[in-house]
Amino acid sequence: MKLSLHLTPDHLQTLHHHAERTYPEECCGILLGVIQQQADQIQKTLMDLIETENAWSEAVAADLASVGIASSRHASTAARRDRYWIDPAMLLQAQKQARDRGLQIIGIYHSHPDHPAIPSETDRTLAWAEYSYIISSVQQGKVTETRSWSLDQNHQFCEEKLVVR
């Protein structure tokens with residue numbers, strides 16, 4: 001299956017600005033758009049992005065650890081510098097906004113401060129099928145790379161082609 005995510009230079013600039021502005025913490029946000037599937041190709045087209053607050057906290061980490069999603073070590077040491085969390089109420093609000101505009105949530109974006117634009121194990125564990133996950137690497141305050149990922153049928157990340165036009 002060929003996967004691609006299409007976005008405009010303005011979308012990319014907005015995303016990069018958000019990532020650089022929140023450095024050294026991870027930024028995060030929601031991607032709204034449309035999904036078209038033809039034969040062996042899935043094309044997602046970004047229409048809008050919603051910047052969200054990184055709501056990661058010790059309480060979120062503890063909740064995830066209590067249901068076996070994160071280790072107790074992560075509950076005590078993880079911070080917004082290496083984790084992100086979008087408040088579920090914000091996701092619900094974005095879903096309603098998308099529906100009202102004839103769109104849908106097609107993914108999530110976040111940054112990796114001083115780390116590559118490659119999903120972490122926590123990113124994979126918390127990822128949802130069918131979503132795109134844009135990750136921007138921010139090195140010393142500047143975005144150096146942006147890549148997009150989605151889960152395959154084995155819940156492993158595979159890279160999506162990122163098409164800027």
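Is Y133 buried or exposed? Y133 counts as buried, at 4% relative accessibility, where buried means under 20% relative accessible area, exposed over 50% and partly exposed in between, with a 1.4 Å probe and protein chains only. This is a predicted model, in which local features need pLDDT of at least 70 and side-chain atom pairs count only at pLDDT 80 or more, while totals for chains, interfaces and linings use all residues. Residues are numbered from 1 along each chain as its sequence is written, and side-chain values use heavy atoms, with hydrogens and water left out.

**Aromatic rings**

- Three aromatic pairs are found in a search of the whole structure; rings of Phe, Tyr and Trp (its six-membered ring) pair if their centres lie within 6.5 Å, and planes under 30 degrees apart count as stacked, over 60 as edge-to-face and the rest as tilted.
- The pair of W128 and Y131 is tilted, because the ring centres are 5.3 Å apart and the planes stand at 40°.
- Y131 and Y133 also form a tilted pair, with centres 6.3 Å apart and planes at 45°.
- W128 is partly exposed, at 46% relative accessible area, whereas Y131 is buried at 12%.
- Ring pairs join W128, Y131, Y133 and F157 into a cluster.

**Pockets**

- The largest pocket has a volume of about 420 Å³; on a 1 Å grid over the protein atoms alone, a pocket is an open set of points where a 1.4 Å probe fits, with protein on both sides within 12 Å along at least five of seven lines.
- Its volume is the space filled by probe spheres set on the points, which are joined across faces, edges and corners.
- The lining of the largest pocket comprises 22 residues, with Y84, W85, I86, L126 and Y133 nearest the centre; lining residues have an atom within 4 Å of a point.
- The second largest pocket, with a volume of about 330 Å³, is lined by 14 residues, and L3, I42, E130, S150 and L151 lie nearest its centre.

**Helix α1**

- The 14 residues of α1 (residues 9-22) should span 20 Å at 1.5 Å a residue, and the end C-alpha atoms are 20 Å apart, which agrees; the expected span is 1.5 Å times one less than the number of residues.
- Helices are DSSP runs (H or I, at least four residues), numbered from the N terminus.
- H11, L12, L15, H16, H18 and A19 are the buried residues of α1.
- These buried residues fall within an arc of 160° seen down the axis of α1, so they line one face of the helix; the arc is that of the directions from the helix axis to the C-beta atoms.
- D10 and Q13 are exposed on the other side of α1.

Note on methods:
Helix = DSSP H or I, 4+ residues; strand = E, 2+ residues; numbered from the N terminus.
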